[in-house]
Amino acid sequence: MRISRRTFAAAAVALVLPLSACGSGGDDGGSTDASGKVEGDITFQTWNLRANFKPYFEGLIADFEKKYPGTRVKWIDQPAEGYADKISADAAGGTLPDVVNVSPDLVAPLAEAGLALDLDKAAGKYKSEYLDGAWAGHQVPGLSGTYAFPWYLNTGPLFYNKSLFKKAGLDPSTPPKTYDELFADALRLAKKSDGKVATLANVPTIEDFGRYGVQLMNKEGTGFAFNDAKGIELLTRYKELYDAKALDPQALTATPESSGKKFLTEAVAMNPGSALDLGNFKKQAPNLYKNIGITDQITSTGHVNMYVMGVMVNSRTKHTPAAVAFAHFVTDARNQMSFAKKVAIFPSTAGSLDDPYFTKEDGTDETRVRIAAAKSLKNAVNYTPVLFSEQMKTALRNEVAKALQGKESPKTALDNAVKACDQLLKQQG
């Protein structure tokens with residue numbers, strides 16, 4: 001079984017820590033019945049978390065064992081390197097842990113192999129405790145069911161330069177919210193500045209196609225569909241931006257760091273970011289900091305993009321009631337809230353984002369960005385298809401670059417990207 005490793009939310013928020021997991025535990029003959037007595041020894045394995053969060057996890061486990069005296073949780077932490085390979089080896093060797101921290105792309109092959117417990121069946125009573133979009137995050141196209149409890153979420157707001165908006169005759173108090181508004185504002189900014197100020201420094205990604213309202217995959221999960229009329233329309237409009245220098249000419253090779261620098265030097269009007277960036281602006285670009293606006297990600301669907309992490313239960317665990325109880329305990333509202341105060345993430349539990357920690361201004365930049373992000377997460381969606389690997393991202397990016405440079409039409413580029421992604425999808429199977 002081949003499992004791709006996704007770099008979690010790298011583009012969304014610089015603050016984010018790539019938290020993830022795997023481990024060793026149950027073997028054949030597990031039960032999907034979680035209603036029995038919560039007892040027995042289970043294994044929970046994390047990925048590179050011990051160094052920063054040892055006291056948190058030790059406290060979490062102690063609380064669980066106190067609540068359920070007949071249980072014992074063995075916590076093992078893996079180094080960051082080779083994590084996806086470790087999950088593959090554990091899956092093939094029957095040594096997956098009882099409780100596994102996964103991202104959606106890691107859970108998909110495990111669910112397809114029958115190794116992930118369907119929580120709709122085994123733990124459906126807990127569904128209402130979580131945000132709808134988060135619960136749906138670990139559903140796999142072509143399979144019915146949900147294969148992990150949602151754990152923590154992340155998203156990033158969008159920063160914009162009010163002074164550049166003003167110079168172009170745009171109202172800085174009403175930044176663009178939809179792609180239509182974004183494209184209109186971007187062309188105006190480029191025209192007014194004689195092509196010196198681009199609005200964006202990044203080419204469209206799969207999340208952009210999702211937020212534009214493009215259907216990304218067929219319903220069976222057997223093939224990609226972002227080369228439809230709406231997908232072609234989005235790429236055609238990005239080509240217009242590129243030709244007008246409203247999309248930075250270096251966007252084709254841009255990294256989050258290089259895009260950030262362009263925003264810092266006021267050559268780009270909008271950029272995704274995090275609270276850490278605000279501190280950076282304050283020191284390095286006081287003029288930009290003075291004119292900074294914070295708004296939601298651009299979306300034409302009314303839903304921003306979220307990144308979601310989860311906690312999966314091994315379908316072959318010998319202690320299903322204990323494994324399900326522990327996975328739920330790790331992801332319940334109290335423990336998620338406690339974790340969110342230790343690292344810049346957001347709880348996936350319903351109601352948690354209404355906590356004053358996520359709603360009450362205290363004058364600091366960190367809080368300002370946290371409040372903006374939390375507000376947009378309430379009805380956010382994980383647009384990245386769970387079957388979309390790193391290789392597929394590269395295939396899409398390469399074809400998008402050809403279309404923007406005029407080497408291929410947007411239609412041909414997307415047809416080729418879909419063909420390449422479908423091919424990779426067959427190889428994953």
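Ser-259 is buried at a relative accessible area of 1%, where buried means under 20%, exposed over 50% and partly exposed in between, using a 1.4 Å probe and protein chains only. This is a predicted model, so local features need pLDDT of at least 70 and side-chain atom pairs count only at pLDDT 80 or more, while totals for chains, interfaces and linings use all residues. Residues are numbered from 1 along each chain as its sequence is written, and side-chain values use heavy atoms, with hydrogens and water left out.

Ser-259 sits in helix 10 (residues 256-264). Helices here are DSSP runs of H or I with at least four residues, strands are runs of E with at least two, and both are numbered from the N terminus. If you skip neighbours within four places in sequence, Ser-259 is in contact with Ala-201, Asn-202, Ala-254 and Asn-271; contact means heavy atoms within 4.5 Å.

Helix 13 (residues 320-330) has 11 of its 11 residues buried, so it is largely enclosed by the rest of the structure. Among those buried residues are Phe-326, His-328 and Phe-329.

Strand 5 is joined to strand 9 (residues 307-313) by four bridges, running antiparallel, and two strands count as paired if DSSP finds at least two bridges between them. Phe-149 has Val-311 of strand 9 as its bridge partner. Strand 5 also pairs with strand 10 (residues 346-347), again in the antiparallel sense, over two bridges, and there Tyr-152 stands opposite Pro-347.

Which strands make up the open sheet, and in what order? Three of them, in the order 7-6-8, with antiparallel pairing. Strand 7 (270-272) and strand 8 (292-295) are the edges, each pairing on one side only. From one strand to the next the twist averages 30 degrees, with axes taken as lines fitted to C-alpha atoms (for helices, over the stretch in contact) and angles running from 0 to 180 degrees between N-to-C directions.

Strand 6 (residues 158-161) runs antiparallel to strand 8, and four bridges join the two. One handy landmark is Tyr-160, whose bridge partner in strand 8 is Gly-293.

## Helix 9 against helix 18

The axes of helix 9 and helix 18 (residues 410-428) come within 9 Å and cross at roughly 125 degrees. That makes the pair oblique: under 35 degrees is roughly parallel, over 145 roughly antiparallel, 65 to 115 roughly perpendicular, and the rest oblique.

Who does the touching? On the helix 9 side it is Gly-231, Ile-232, Leu-235 and Thr-236, and on the helix 18 side Pro-410, Lys-411, Ala-413 and Leu-414.

## Two positive phi values

Most residues other than glycine have a negative phi. Asp-194 has a positive one, near 55 degrees. You'll find Asp-194 in the loop between helix 7 (179-192) and helix 8 (206-212), and at 65% relative accessibility it counts as exposed.

Lys-245 also has a positive phi, near 65 degrees, and lies in the loop between helix 9 (229-243) and helix 10. Is Lys-245 buried, partly exposed or exposed? With a relative accessible area of 44%, Lys-245 is partly exposed.
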